[in-house]
Amino acid sequence: MKIIITGGAGFIGSNIARALLRREDVEKVTVLDNLLTGNIENLADILDDHRLEFVEGDIRNMDTCLKVFSGGDAICHQAALGSVPRSIKNPVLTNDHNITGTLNVFTAARDLDIKRVVYASSSSVYGDEANMPKVESRVGRPLSPYAVTKKVSELYADNFGALYDMEMFGLRYFNIFGPYQSPKGAYAAVIPLFVQAALSGQPATINGDGSFSRDFTYVDNAVQANINALFSKESTAYNQVYNVACGYRTNLNELWAMINTVLGTNIEVQYGPERPGDIPHSLADISKAETLLDYSPSVDIETGLKLTVAYLKNYFSKVN
């Protein structure tokens, strides 16, 4: 297979690229990334693989999508502008990437007769739906522009599957973490920020009282879900959305304690105001993915944190 990964120089995309190149049934992996939030360094260890092609380009440009996707067998669409706070600050930019860009990806796939598209959605689509665990068929009102964009992507995917006989797989990620997730910038995710603080001997800042909880999911589990979807031959799995998580939750106070345990430290935490748009609690029912995608998360949060801390220790030793 020849597979295109949009956003393939980003955190999750680069991990997917690495995993695909370990497969003998993959002839070529083409990475398309505008490097706005991705980093070519995330691909440094595989850039010399003759099966990998890197193209710097933007999914907001339809001509770019058509040119890069030509000859492909499937698309793994990971490109997006993430972060709830960033979307609240700049909803237009988030919309441009996540809705206009995604519509370009889907349309280019249709025009080139590429049937299979696996795309990244988000647990943020559950919004104010209070019931837990989160079940794919039951969503609430989106609480941020980012959540709106991910919900719209799912609606477009449903349309494209029904109207154009395409095979669309939506993966609702629940707080993915792990190697190649950047700790830099104002919109860095919580785990790399917490680990960076702990490695520096500094207290982490928790927004709220630390009781908010998440179904933190190590990146290898998300990679498994993407690969299973890309190669699925189960027709009942097509044109569906799936929770990608571990099925248990950890609150932020517990997360900070776990990081201290991994590092052998005992650093106090400091608390700040709650962030607008944040969902208080998130827990996934993963039974649908287990049944239809043969998904089986293999790395728990404790193991994932150890692997992530080891990666970030090495990362900071190189940049400092």
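This is a predicted model: local features need pLDDT of at least 70, side-chain atom pairs count only at pLDDT 80 or more; totals for chains, interfaces and linings use all residues.

A: A polar contact is a pair of N or O atoms within 3.5 Å; within protein, one of the two must be able to donate a hydrogen and the other to accept it, and residues adjacent in sequence count only if both atoms are side-chain atoms.

Asn228 belongs to helix H7, which covers residues 219-230. A polar atom of the Asn228 side chain lies 2.9 Å from the backbone oxygen of Leu293. The backbone oxygen of Asp294 is likewise approached by a polar atom of the Asn228 side chain, at 3.2 Å. Both distances fall within the 3.5 Å limit for a polar contact. When neighbours within four places in sequence are set aside, the residues in contact with Asn228 are Leu293, Asp294 and Tyr295. Asn228 counts as partly exposed, because its relative accessibility is 22% and buried means under 20%. A further distance concerns Arg138, which is 90 residues from Asn228 along the chain: the C-alpha atoms of the two are separated by 24 Å.

Asp294 is found in the loop between helix H9 (287-292) and helix H10 (301-319). Its relative accessibility is 61%, so Asp294 counts as exposed. The phi angle of Asp294 is near 55°, a positive value in a residue other than glycine. Most residues other than glycine have a negative phi, and most peptide bonds are trans.

Asn175 also has a positive phi without being glycine, with a value near 45°. Asn175 sits in the loop between strand E6 and strand E7 (176-177), and its relative accessible area of 27% makes it partly exposed. As for the peptide bonds, the one joining Met132 and Pro133 is cis, with omega at about 0°. Pro133 lies in the loop between strand E5 (116-122) and helix H5.

Helix H5, which spans residues 145-164, contains Thr149. Thr149 counts as buried because its relative accessibility is 2%. The Thr149 side chain reaches the backbone oxygen of Tyr146 at 2.6 Å. Not counting residues up to four places away in sequence, Thr149 touches Thr94, Asn95, Asn98 and Ile99.

Strands of a sheet pair through backbone hydrogen bonds, either parallel or antiparallel. Strand E1 (residues 2-6) and strand E4 (residues 74-77) run parallel and are joined by 4 bridges. Within E4, Cys76 stands opposite Ile5.

Cys76 raises the matter of cysteine pairing. A search of the whole structure finds 0 disulfides. Cys65 is in no disulfide, and the nearest cysteine sulfur to that of Cys65 belongs to Cys76, 14 Å away. Cys76 is in no disulfide either, with the sulfur of Cys65 as its nearest cysteine sulfur at 14 Å. Cys65 is buried, because its relative accessible area is 0%; Cys76 is also buried, with a relative accessible area of 0%.

Finally, the chain as a whole may be described. Its secondary structure comes to 10 helices and 13 strands. The radius of gyration is 19 Å, close to the 20 Å that the globule rule gives for 320 residues, so the chain is as compact as a globular protein of that length. Along the principal axes, the C-alpha atoms fill a box of roughly 55 × 45 × 35 Å. Of the 320 residues in the chain, 52% are buried. Among contacts between residues at least 6 apart in sequence, 83% join residues at least 24 apart.

Technical notes: Residues are numbered from 1 along each chain as its sequence is written. Side-chain values use heavy atoms; hydrogens and water are left out. Helices (H or I, at least four residues) and strands (E, at least two) are DSSP runs, numbered from the N terminus. Buried means under 20% relative accessible area, exposed over 50%, partly exposed in between (1.4 Å probe, protein chains only). Contact means heavy atoms within 4.5 Å. A disulfide is a pair of cysteine sulfur atoms within 2.5 Å. Two strands pair if DSSP finds at least two bridges between them. The radius of gyration is taken over C-alpha atoms; the globule rule is 2.2 Å times the number of residues to the power 0.38.
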